[in-house]
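Colleague: I have a new model open on my screen and I'd like to learn how to read it. Could we go through it feature by feature?

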Amino acid sequence: MTRHVACEAGPGAPGAADPGKLSLGEAAAEAAGLHESLHRHNRLYYVEAAPEISDSAYDALFRRLQALEAAHPSLGTADSPTRRVGADPLETLPGIEHAAPMLSLDSAREVAEVRRFDDRLRKALGDEEVRYVLEPKLDGASLELVYVGGVLERAVTRGNGRVGEGVTENVRTIRTVPLRLRRDELPAPAFLAVRGEAMMHLSDFESLNQRRIEADEPPYQNPRNATSGALRQLDSRIAARRPLTVLAYDVMVVAGAAFDSDSEGIAALKAWGFRTPERVTLARSVEEIAAYHRAFDADRESLDYEIDGVVAKLDALAPRAVLGSTAHHPRWAIAFKFEPRKEVTRIDRIFVSVGRTGVLTPVALLRPVEVGGVTVSRASLHNREELERKDLREGDLVRVQRAGDVIPQIVERIDDETRVRGEPFAMPAACPSCGTEPRAKGPFTVCPNHLACRAQLKARIAHFGSRGALDIEGLGEETAALLVDKGLVGELADLFDLTVEDLVPLEGFGEVSARNLVGAIRDRKRVELARFLVGLGIPEVGAAVARDLALHFRGIEALRAAPEEALAEIRGVGEKMSAAIRGFFEIPDVRDALDRLLGRGFRFIVPEAPPAGDEAKEGWAGKTIVLTGSMKDGPRSELARELRRRGARVAGSVSSRTDLLVAGANPGSKLEKARRLGVEVLDEARLRARLSAPRAGGAVD
C-alpha cells in the first residue's frame, strides 16, 4: 500500500526556518501542527488504509519534527510521533497492575455447549436482554492500553490477569496504536483502559522470517511467539522494526464517557482512532453464532492472520454486572473454538540452514499445525537425498508427525488438485552464508569454509555458551549473531576480549546487561574440562564421552597429543570416534585457534578419580547408565552426579552397551529403545532405594 500524493503544504515544507533559530514558542506552535498532521496520516495509512500523501512527503514532515525536537528537547512529549522509532533500552520490564482484571474466556468446541451457555443467560435475563456481539478470536498477545487525558500513558501485557509487564515504549512504536486519541467525532475521556490484541499478519511474519534467514538468524516458530518476543524487548528500537499490529476490541474502564452496550464501545474505539477486528456483527440466536463460526472457519486458510475461534459476548453492559464473573472468566461471554489444525498443513517455503559443522540442511517453514498437542511450524528435510526422494516443494500439502512424540517430521506429500505445484527445490550452488561452493559428503551438502563462514561461527559461539557446554548466561543465538555481525567476535578466543564498552552501543544492551555478559564470559575461564571439550564441538564427542576423555587424560594438552590407539582404548570411544577426535586436533586452523583460546588463561576442573575400595565394590563402577524423563524427588543432574561419584558412566543415549536405563515420568523413545535392546530398566524409586542401601559384591543388584 502506498500513500496517495495530495501535495500537502504546511509544516515541514522546503524553505522552513532553521529550528535552532526559532524561539521555543514558535517551535512549539510548528510542532503542534506537525503532531496533528502526522497523527492524521498515521491513522489514514495504518488504520483506515486510505493514505493521502506519498511516503516521501510523510518522511519530510517526520524529519522536520525530529529536527524541532532536537533543537528544543522539551517538545519531545510522550505522544510525539517521533516516539514510533523507539527509545533507549530498559534494564528490566516493570510489573504493573491492570486497571481492571484481564480475565480469560470460557470456551466451547461444540454447538451444544454454546446452546447451554445461551440457555443460562436467557434464564437469568430473559429473551429480550440477550443480544450478542460476535467477533473473531485473535491468536496473538493480549494488551491493556491506558490513556489519561487522551494520551497513551502505559501499555501492559496480560501477565497473570491482574499484573502484567509494562511494555509502553515498545507499544508506542506500533503504528496502529494511537499515541493520543482522535477527538473530532467524540471527546477524549479523562481516563480510558482498552483491551486489545497485539499480532503479526502472516505475510509480515513470513517476510520477517525471510529477513532473519538471509541474516543467518534462526526463523521464529510462529507469529504469536514472534509478537510476544517483540513486546518484551528491552530495546524498543528493535520492537520498532517488527511488523506488529494491535486491534482494540474492549473498553475495560472509562471515566468521562458512558456506553450502554459493547457495540457502542467498539464504535467509540473506532472514533478515537483505534483499529478494530473485522467482521464484528450482532446476533440474537445460537444458530446465528454457529453460522458466524462456520463462515470464519471456512475462510480460515485464506486469512492473513491467525484466529482460533470466534467470541460471543453479551452486548448490553448493565446485565453483565448482574451475571458477574468467576475468578477465571466472565459469565457473559464464550469463545467458540475451532478444531485445531491436525497433521495436514502446507509448506510455505523451504530454506537452507547452515549448521555449526557446515552442513547445509533444507528446512520447511510450515503453516502452523497442531500435532500431538504441540504447535509445529517448521520441520527439517534432513539432507539432499531425502528431499529428492520425497519430492517436496514450496506450496505442497503435507502430513506431519512428531517422531518419538518430539521431533517434527514430514511423513508424506498429499495430492492437492486445487493448485499447480511449484518448481522442484534444489540445494544452492553456494553457501547461503559465505558464498563458498559446497561439497557433497554422502547424502549431505557441506560448506568447507569452517572458520570464515559466518553462520558456522555464530552456531559455534552459541554452542560454546550453551547449557551443556560452558553455560554462559546471556550468550544465546541472537547475541552470538549480533557479536559476529558487528565484527566483535571472529573466533571463540575473541569472546574473552569483550568489554562493557564494546557491548553497550549494541541493540538490546544497557550498562547492566553488558556488564553481566562480560562477567559471565570471564567467569568461565575456570571451567570443568569436560564442559570445555563439549564446547569445542569435537566431532562425535558428547557429554558422556567428554567426561570419559577428561577423566582419562586429566588435561587438555595430554588429550591433544594422544594418538588414535590411546584414544580407541577408552571405554565408549572406539576406532571411528578416535579417528574423528585425532583428525580434529590435527587440522592446522583448529590447532591455531585452540592455542589462541587457551592463551586466554583457562583453569580446568578435572573430574574426581574413580572410586576405590568399598564404594567400587557397590557394583556401580564401570556401568553405563542412561537417565530419561523427569524425576519426582530431584533433578536428573543430582542423580547423575551421585552415580558418577560411585564410578558409573552416565550417557545421553541408549545403545547395546548401556547397562541400565532409569526412567522417570514421560520417558519418551529412550525407554522403547532400551526395551527393544533388552537393557534393564528401573524407575526412580527403585534406583534411589539401591543408592541408599548399596550391596556388597560386583553386581548392581
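**Reading the salt bridges**

Modeller: Let's begin with a charged pair: Arg122 and Asp118 join their side chains in a salt bridge, at 2.7 Å from N to O. Keep in mind that this is a predicted model.

Colleague: What is the general idea behind such a pair?

Modeller: Side chains of opposite charge can pair when their charged atoms come close. In this case both Arg122 and Asp118 sit in helix α3, 4 residues apart, about one turn of the helix.

Colleague: Is Asp118 buried or exposed?

Modeller: Asp118 has a relative accessibility of 5%, so it counts as buried. The cut-off for buried is under 20%.

Colleague: How many salt bridges turn up in the whole structure?

Modeller: A search of the whole structure gives 41. Take Glu507 and Arg241, whose side chains meet at 2.5 Å, N to O. Glu507 is in the loop between α14 (500–503) and α15 (511–523), and Arg241 is in the loop between α7 (236–239) and β8 (245–255), so this pair ties together parts that are 266 residues apart in sequence.

Colleague: And how accessible are those two partners?

Modeller: Glu507 is partly exposed at 32% relative accessibility, and Arg241 is also partly exposed, with 46%.

Colleague: Which residues are linked in a network of salt bridges?

Modeller: Glu135, Asp262, Lys313 and Arg320 are linked that way.

**Reading charge on the surface**

Colleague: How many positive and negative side chains does the protein have?

Modeller: There are 99 positive and 106 negative ones, and the centres of the two sets lie 4 Å apart.

**Reading single residues**

Colleague: Let's zoom in on Thr628. How do I describe where it sits?

Modeller: Start with its element, then ask how covered it is, then list what it touches. Thr628 is in strand β21 (residues 624–628). Its relative accessible area is 4%, so Thr628 is buried. Beyond neighbours within four places in sequence, Thr628 contacts Arg636, Leu661, Val662, Ala663, Gly664, Pro667 and Lys670.

Colleague: Is Lys123 buried or exposed?

Modeller: Lys123 counts as exposed, at 77% relative accessibility. Lys123 is in helix α3 (residues 111–125).

Colleague: Where does Gly468 lie, and which residues does Gly468 touch?

Modeller: Gly468 is in the loop between α12 (454–464) and α13 (477–485). It is partly exposed, with a relative accessible area of 45%. Leaving out residues up to four places away in sequence, Gly468 touches Arg531 and Val534.

**Reading the whole fold**

Colleague: Now zoom out. How many helices and strands are there?

Modeller: The protein has 25 helices and 24 strands. Its C-alpha atoms fill a box of roughly 85 × 70 × 55 Å along the principal axes.

Colleague: And what do contacts and accessible area say about the whole protein?

Modeller: Of the contacts between residues at least 6 apart in sequence, 69% join residues at least 24 apart. Buried residues account for 48% of the 701 residues. The protein exposes about 32,900 Å², with carbon and sulfur atoms supplying 49% of that area.

Definitions and conventions:
Residues are numbered from 1 along each chain as its sequence is written. This is a predicted model: local features need pLDDT of at least 70, side-chain atom pairs count only at pLDDT 80 or more; totals for chains, interfaces and linings use all residues. Side-chain values use heavy atoms; hydrogens and water are left out. Helices (H or I, at least four residues) and strands (E, at least two) are DSSP runs, numbered from the N terminus. Buried means under 20% relative accessible area, exposed over 50%, partly exposed in between (1.4 Å probe, protein chains only). Contact means heavy atoms within 4.5 Å. Accessible areas come from the Shrake-Rupley method with a 1.4 Å probe; for residues, only the protein chains shown count as cover. Lys and Arg count as positive and Asp and Glu as negative; His and the chain ends are not counted. The place of a charge is taken as NZ of Lys, CZ of Arg, CG of Asp or CD of Glu. A salt bridge is a side-chain nitrogen of Lys or Arg within 4 Å of a carboxyl oxygen of Asp or Glu.
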